[in-house]
Amino acid sequence: MSWFGRRRVRVPRQPTAFWSCLTGALEKRQRQLATYLERKTAYWDQGSKLMALVAFCLVFGGLSLWLLMKAISHF
């Protein structure tokens, strides 16, 4: 950190071909999964989607809480 001098401009590095390929493949799979899930829930009304979200949060939140309590009680 320089208080009285010029700030150096950092030039971002270019990603390697491997990382570019990997991120492209991951993004493609994410889009495929999102499209699949969108097709599966296309005919659900807003209430059904909300109930599915609440159920998902309760199940995975409860599981996370159970694991946390089990880890704490282990000590």
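## Exposure and the overall chain

A residue counts as buried under 20% relative accessible area, as exposed over 50%, and as partly exposed in between. A52 has a relative accessible area of 33%, so A52 is partly exposed. The model discussed here is predicted. By the same cut-off, 0% of the 75 residues of the chain count as buried.

The chain holds two helices and zero strands. Helix α1 covers residues 17-40, and helix α2 covers residues 46-74. The radius of gyration of the chain is 23 Å, whereas a compact globule of 75 residues would have one near 11 Å. Taken along the principal axes, the C-alpha atoms fill a box of roughly 60 × 45 × 25 Å. The accessible surface of the chain is about 8,200 Å², and carbon and sulfur atoms account for 66% of that area.

## Distances between the helices

Two pairs of residues give a sense of how the chain is laid out. A52 belongs to helix α2. Between A52 and T35 there are 18 Å, C-alpha to C-alpha, for a separation of 17 residues along the chain.

L67 also lies in helix α2. From L67 to E38 the C-alpha distance is 31 Å, and the two residues are 29 apart in sequence. The relative accessible area of L67 is 47%, which makes L67 partly exposed.

Side chains of opposite charge can pair when their charged atoms come close. How many salt bridges does the count come to? The count comes to one. The partners are R31 and E27, whose side chains meet with 3.1 Å from N to O. A salt bridge requires a side-chain nitrogen of Lys or Arg within 4 Å of a carboxyl oxygen of Asp or Glu, so the R31 and E27 contact qualifies at 3.1 Å.

Both R31 and E27 sit in helix α1, four residues apart, which is about one turn of the helix. The two partners fall into separate exposure classes. R31 has a relative accessible area of 55% and is exposed, while E27 has 40% and is partly exposed.

## Aromatic pairs

There are two aromatic pairs in the structure. In one of them, the ring centres of F18 and W19 are 5.1 Å apart and the planes stand at 70°, so this pair is edge-to-face. F18 is exposed, at 56% relative accessibility.

F56 and F60 form a tilted pair, with 4.6 Å centre to centre and 45° between the planes. What separates F56 and F60 in helix α2? They are four residues apart, or about one helical turn.

## A nonpolar patch

F56, V59, F60, L63, W66 and L67 make a nonpolar surface patch of about 630 Å².

Patches are made of residues with over 30% relative accessible area and no salt bridge. F56, at 48%, passes that area cut-off. L67 passes the area cut-off as well, at 47%.

## Cysteines

How many disulfides does the count come to? The count comes to zero. A disulfide would need a pair of cysteine sulfur atoms within 2.5 Å. Among the cysteines, C21 is exposed at 56% relative accessibility, and C57 is partly exposed with a relative accessible area of 46%.

How values were computed
Residues numbered from 1 in each chain as written. Predicted model: local features only at pLDDT ≥ 70, side-chain atom pairs only at ≥ 80, totals over all residues. Heavy atoms only, no water. Buried < 20%, exposed > 50% of the residue type's maximum accessible area, 1.4 Å probe, protein only. Patch = residues over 30% accessible without salt bridge, like charges linked within 9 Å, V, L, I, M, F, W, Y side chains within 5 Å. Areas by Shrake-Rupley, 256 points an atom, 1.4 Å probe, with all protein chains shown as cover. Phe/Tyr/Trp six-rings, centres within 6.5 Å; stacked < 30°, edge-to-face > 60°. Rg over C-alpha atoms; globule rule 2.2 N^0.38 Å.
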